[in-house]
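Here is a short briefing on one chain. Keep the sequence and the structure open side by side as you read.

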Amino acid sequence: MAISAQISSQQGPGRPKDMEKRAAILAAAKALFIRNAFAGTSMDAIAADAGVSKLTVYSHFGDKDNLFREVIRSRIQDLLPEETYAFDAHVDIRETLLRVALTHAHLDCNAETVGTFRAILSDCRQGNPRYGRLIWEEGETRTHALMERLLQQAVDAGQLEIEDVPRACVQFLTLIKGNLMMRQMFGCTDCPDSYAQEIEATARAGVTMFLRAYQTR
């Protein structure tokens, strides 16, 4: 019997999902994708690490592409909730941008994020660029949309003067982390304490430079 047919017969109409199993599958998949990249991770391995059957994995996510997308989506929404990009016209724009900058910089430069990007690059090198596109769609595309909305709200409130908001968004997200993520990618961060301090200093300096270019005078 095909897996899809087995799933239909086991689920029945309206059968609720077991959220604990779903969480266990997501956790196992995330760890394996980071360790072995997408191509090197099997649904059997995910099921074994999650302590569930492979049928249960398929029941929750359908296939490996959907599971990978959900891992990325849930992780990003946990670490970068929409409230991160909330705009309040009564709050100084520097304070708002610093909140976003520090959140992004610490996230983009941490070991787990870098491990995810290494796994994606490994898959791209093996001829699987669609997985890189998945993380771009669920990560960068969502982030840029939320950041562009924040910047446009600041423009509308008279706090910023920006003609090209999408370009300014890219500039902001680049300025706040400099080359720190690449240093982590290449293993050039010998002292965790000084690296953490540099992440914060770079983010703050990036906000200052951004405001020099775009803050309303």
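Take contacts between residues at least 6 apart in sequence: 73% of them join residues at least 24 apart. The model behind this value is predicted. The chain has 11 helices and 0 strands.

**Whole chain**
- From the N terminus on, the elements run α-α-α-α-α-α-α-α-α-α-α.
- The chain has 217 residues, and buried residues make up 42% of them.
- Its accessible surface comes to about 11,700 Å².
- Carbon and sulfur atoms hold 52% of that surface.

**Helix 3 and its buried side**
- Helix 3 spans residues 43-50.
- Its buried residues are M43, I46, A47 and A50.
- They sit on the same side of helix 3, because they cover an arc of only 95° around the axis.
- An α-helix has 3.6 residues a turn, so residues three or four places apart point the same way.
- What do the buried residues of helix 3 pack against? Their partners are helix 2 (19-36), helix 4 (54-61) and helix 5 (64-79).

**T96 in helix 6**
- T96 lies in helix 6, which covers residues 93-108.
- Is T96 buried or exposed? T96 counts as buried because its relative accessibility is 1%, and the cut-off for buried is under 20%.
- Leaving aside neighbours within four places in sequence, T96 is in contact with A86, V91 and L150.

Key. Residues are numbered from 1 along each chain as its sequence is written. This is a predicted model: local features need pLDDT of at least 70, side-chain atom pairs count only at pLDDT 80 or more; totals for chains, interfaces and linings use all residues. Side-chain values use heavy atoms; hydrogens and water are left out. Helices (H or I, at least four residues) and strands (E, at least two) are DSSP runs, numbered from the N terminus. Buried means under 20% relative accessible area, exposed over 50%, partly exposed in between (1.4 Å probe, protein chains only). Contact means heavy atoms within 4.5 Å. Accessible areas come from the Shrake-Rupley method with a 1.4 Å probe; for residues, only the protein chains shown count as cover. The arc is that of the directions from the helix axis to the C-beta atoms.
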